[in-house]
Amino acid sequence: MLLRPSVGRRTILAVVSWNHPASCSIFATTYNGLYTIIMATQDGSEEVIMETEAKPKEAESLGEDVEKGGAEATSHTDAGNSTTQDSNISNGDDTEDKETVDLKIIWNKNKYDLKIPVDSTGAKLKESIHSLTGLPPAMQKVMYKGLLPEDKTLREIKITNGAKIMVVGSTINDVLAVNTPKEVIQQEVKAEENKKEPLCRQKQHRKVLDKGKPDDIMPAIKGAKERLPTVPLSGMYNKSGGKVRLTFKLEQDQLWIGTKERTEKVPMGSIKNIVSEPIEGHEDYHMMAFQLGPTEASQYWVYWVPAQFVDAIKDTVLGKWQYF
């Protein structure tokens, strides 16, 4: 069959052959946006013409442009959102707006500068000191005019700019390196105490207690707990019956035990244990022993210690991380 080309038509010829007598040829033409398919059979039957609408290339291009434009718009929108989010994150930090104090932290003969909000608690201060020194909070004794309370803020304690904060304590590695762990000594001493009669009834202590309460002793409050006073604890007796005073030199980490004859300066870190017991008949006062060596023979006894200061003395000398 002979097909005459039409003017303005673009003709595409596709030939499909099957293993069949009625094989056919397929002619496809495009005219005015329509596909025309002409099939001619070998047996001379009439041609079959099928027309279908073609998708304009301009529409395809327009669709692609729209998709690209949408993608670019989405990209710009995401970038804008990202910028806005970053800006919000940056502006959300209001630490600079808080009132702060500049402190001097002194630990192990080293000095550290620390800037911290004035409304931070003592516990928060310990965490900041841990970040500076590596000393765990549980191992710290933080002192500012006495042992620093953990539950009060720096504002309540009246800490101001330039204040010096003394920190005493050993790292875990230092504690483990000690040949005779302090907790073992404390447990042994406590076990021995349980086997014995009350301290105030023992002969060696009775001869001091029988002298009676000193006239110039500091007032005592039974059942109360107070921070160490800013002045030495005075008016007490030692084992020989002489007057003794206790001065806590926090900035030097020393306990000064003063008598009429001399003053002994004892590093707090060398004190292995502290034993105390209320005095019978005068429970608002305690008798207290500072163990200066590995055995009980090194105990230094002090009598008529006001009860309200007993816990503060133990916390200051041994630290809150003591094991009893």
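Predicted model: local features only at pLDDT ≥ 70, side-chain atom pairs only at ≥ 80, totals over all residues.
Okay, let me start just past helix α2, where Gly-134 takes a positive phi of about 85°.

Now back up into the helix itself. α2 covers residues 122–133, so 12 residues, and from first C-alpha to last it reaches 16 Å, close to the 16 Å expected at 1.5 Å a residue. Which residues of α2 are buried? Gly-122, Leu-125, Lys-126, Ser-128, Ile-129 and Thr-133. Those residues sit on the same side of α2, because they cover an arc of only 165° around the axis.

β5 and β6 pair in the antiparallel sense, over 8 bridges. Trp-107 has Asn-110 in β6 as its bridge partner. The hairpin has 2 residues between the strands, and Asn-108 there takes a positive phi near 55°. β5 also pairs with β8, but this time the strands run parallel, joined by 4 bridges. If you want a pair to click on, Ile-105 has Ile-165 in β8 as its bridge partner.

Okay, next part: the sheet with β9 through to β15. It's an open sheet of 7 strands, in the order β12-β11-β10-β9-β15-β14-β13, with antiparallel pairing. At the edges you've got β12 (263–267) and β13 (273–279), each with a single partner strand, so one side of each is left without a neighbour in the sheet. On average, neighbouring strands of this sheet are turned by 30° against each other, ignoring direction.

Gly-258 stands opposite Thr-263 in β12.

So what lies across this sheet? That's α7, which lies across β9 (233–238), β10 (243–249), β13, β14 (282–291) and β15 (299–306). Against β13 the helix runs at about 175°.

How many of the 9 residues of α7 are buried? 8 of them, so the helix, residues 310–318, is largely enclosed by the rest of the structure. The buried ones are Val-310, Ala-312, Ile-313, Lys-314, Asp-315, Thr-316, Val-317 and Leu-318. Notice that Lys-314 and Asp-315 are on that list. Just after α7 comes Gly-319, with a positive phi of about 90°.

Last thing, the backbone angles I'd flag for this group. Most residues other than glycine have a negative phi, so here are a couple to look at. Asp-253 has a positive phi of about 55° although it is not a glycine. You'll find Asp-253 in the loop between β10 and β11.

Then there's Trp-304, also not a glycine, with a positive phi near 70°. Where is it found? Trp-304 is in strand β15. Is Trp-304 buried or exposed? Buried, with a relative accessible area of 1%. And β15 is one of the strands that α7 lies across.

That's my tour; over to you.

Notes: Residues numbered from 1 in each chain as written. Heavy atoms only, no water. Expected span 1.5 Å × (residues − 1). Buried < 20%, exposed > 50% of the residue type's maximum accessible area, 1.4 Å probe, protein only. Arc of directions from axis to C-beta. Pairing = 2+ DSSP bridges. Axes fitted to C-alpha atoms, helices over the stretch in contact; angles between N-to-C directions. Contact = heavy atoms within 4.5 Å.
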